[in-house]
Amino acid sequence: MSRRLWRRRLSSVAAIAAALVLVLAGNALAANPVITSIYTADPAALVVGNTMYIYSGHDEAASGATNFYMRDWHVLSSTDANTWTDNGAKLSIANFSWAGADAWAGEVEPRNGKYYWYVPVNGNGPGWMDIGVAVGDSPLGPFHDAKGGPLISDSTPNSSPLNIDPTVFTDDDGQAYIYWGGYWGVRAAKLKSNMIELDGSVVTPQGLTNYWEAPWMFKRNGVYYMVYAANDTNGCVTSSSYACQRYATASNPLGPWTQRGVILDQVSSTTSHAAVVEFNGQWYMVYHTADAPGGGNFRRSVAVDKLYFNADGTIQKVIQTRGGTSSANKALSATASTSYVSSWESLAAINDGYTPTSSADRAHAVYGNWPQQGAQWVQYDWPSAVTLNQVRAYWFDDNQGIDLPASCSVQYWTGSAWQNVPGASACGVAANTFNTVTFSSVTTTRIRLNFTSRSGYSTGLLEVQAL
């Protein structure tokens with residue numbers, strides 16, 4: 001399944017008209033997050049015909065809540081990976097008479113003209129999370145409980161320490177496999193052809209290094225791929241409270257697996273859950289963040305970005321975008337310059353694609369201009385003109401001589417002079433987040449971020465994106 005990068009080429013009048021049509025139709029333009037009318041999480045993707053579906057959990061926690069509140073699952077759909085429709089809740093806890101709460105991360109797998117939706121729920125019996133199965137005659141249902149009880153529970157021999165996050169894969173020979181598990185406890189089993197019974201014993205796959213939760217399995221060119229959430233500090237995250245997405249490959253659907261590396265850096269939410277699909281000849285990663293207005297760790301939102309393979313079958317790291325998949329980070333191809341950088345720091349740090357874990361993140365190179373104070377700047381230059389409508393700055397604060405700036409602004413080069421970008425939103429100076437400045441599109445060969453220090457301090461940056 002694939003998604004297209006967004007190319008916002010509409011005139012302002014056409015864009016307003018299109019937006020009005022979409023609002024009336026209940027659709028949302030594919031600007032990451034792809035849906036902001038509700039909070040969505042734990043996406044699973046499926047392509048049927050010319051339509052891409054995303055099966056999503058639904059975060060309903062109140063602002064400031066400290067736990068998940070999830071009662072149903074929604075289905076999002078698109079025929080072009082640009083415009084997304086929320087088709088509403090298509091499955092809920094109420095569909096399972098034996099369950100009481102926690103509509104967590106599920107996945108839909110087609111078989112023999114039916115669609116099987118595997119979901120983890122909090123069962124009313126002993127233990128905590130179980131995995132149930134619903135079935136429907138179309139990708140949009142209606143769905144009903146296919147089994148009348150759990151497919152997997154704590155009483156299943158060799159079950160995971162936490163029975164969540166099922167991913168189901170059907171191989172070319174028709175054999176279906178299910179992987180699942182949290183708390184570092186990945187498990188796998190074959191499924192019978194009826195798709196609602198395990199076929200044989202549960203195994204513990206080997207080689208999924210640093211596995212934490214959220215497996216996703218697919219096959220490409222005869223190679224099996226497993227994408228999963230990890231929370232190790234060996235190039236994944238600097239705090240185990242967060243997660244990245246690692247991937248592994250195998251020549252057999254049950255492994256053993258060989259871990260290949262990180263393909264999605266830490267996102268803005270503590271949890272990370274991803275799917276990888278091909279749609280219209282392009283591969284995509286579907287995942288969630290906390291980037292929607294009012295979002296947070298328990299109010300997450302689905303995002304979609306392109307994914308690319310190298311010639312040898314390895315996967316390139318996915319570039320996270322915000323505000324639309326056309327918003328590829330053009331800073332990655334720019335030449336950086338600055339008013340001043342300390343000799344022990346690195347100007348190259350600001351456009352190396354790193355996603356910081358906090359403003360105090362020292363696990364990676366940083367830019368700082370100590371002992372300079374007052375007005376400073378960093379700048380990107382391109383050999384040919386690029387079109388931009390957004391700059392995102394992640395400020396560095398070492399709790400010593402470098403502090404968050406007092407103010408900032410964005411300018412672009414007109415060809416003869418620097419000028420403030422038109423229609424700019426406020427330039428934020430908050431800690432521990434990307435501060436996004438949006439503006440009317442400009443086509444230029446240079447962009448500059450100006451910033452002024454607080455009295456008595458210097459300033460620093462961890463990453464500056466230009467989109």
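Cys408 is buried, with a relative accessible area of 15%; here buried means under 20% relative accessible area, exposed over 50% and partly exposed in between, using a 1.4 Å probe and protein chains only. A few notes before the views: this is a predicted model, in which local features need pLDDT of at least 70, side-chain atom pairs count only at pLDDT 80 or more, and totals for chains, interfaces and linings use all residues. Residues are numbered from 1 along each chain as its sequence is written, and side-chain values use heavy atoms, with hydrogens and water left out.

**View 1. Cys408 is joined to Cys427 by a disulfide.** The S to S distance is 1.9 Å, and a disulfide is taken as a pair of cysteine sulfur atoms within 2.5 Å. Cys408 sits in strand E25 (residues 407-413), while Cys427 is found in the loop between strand E26 (418-420) and strand E27 (435-452), so the bond ties together parts that are 19 residues apart in sequence. Strands (E, at least two residues) and helices (H or I, at least four) are DSSP runs numbered from the N terminus. Because the torsion about the S-S bond of Cys408 and Cys427 is about -115°, this disulfide is left-handed.

**View 2. A disulfide links Cys236 and Cys244.** Here the sulfurs are 2.1 Å apart. The torsion about the S-S bond is about -120°, so this disulfide is left-handed. Both partners are worth a look: Cys236 is buried at a relative accessible area of 8%, and Cys244 is buried at 0%. The structure holds two disulfides, and with the bonded cysteines of the chain numbered in sequence order, the pairing reads 1-2, 3-4.

**View 3. Strand E9 (residues 129-136) is mostly covered.** Eight of its eight residues are buried. In a regular strand the side chains alternate between the two faces of the sheet. From E9, Met129, Ile131, Val133 and Val135 point one way, and Asp130, Gly132, Ala134 and Gly136 point the other way.

**View 4. E9 runs antiparallel to strand E8 (residues 114-123).** Eight bridges join E8 and E9; two strands pair if DSSP finds at least two bridges between them. Val119 has Gly132 of E9 as its bridge partner. The two strands form a hairpin with five residues between them, and Gly127 in the turn has a positive phi of about 90°.

**View 5. E9 also runs antiparallel to strand E10 (residues 143-145).** Three bridges join E9 to E10, and His144 in E10 is the bridge partner of Val135. This hairpin has six residues between the strands, and Gly141 takes a positive phi near 80° there.
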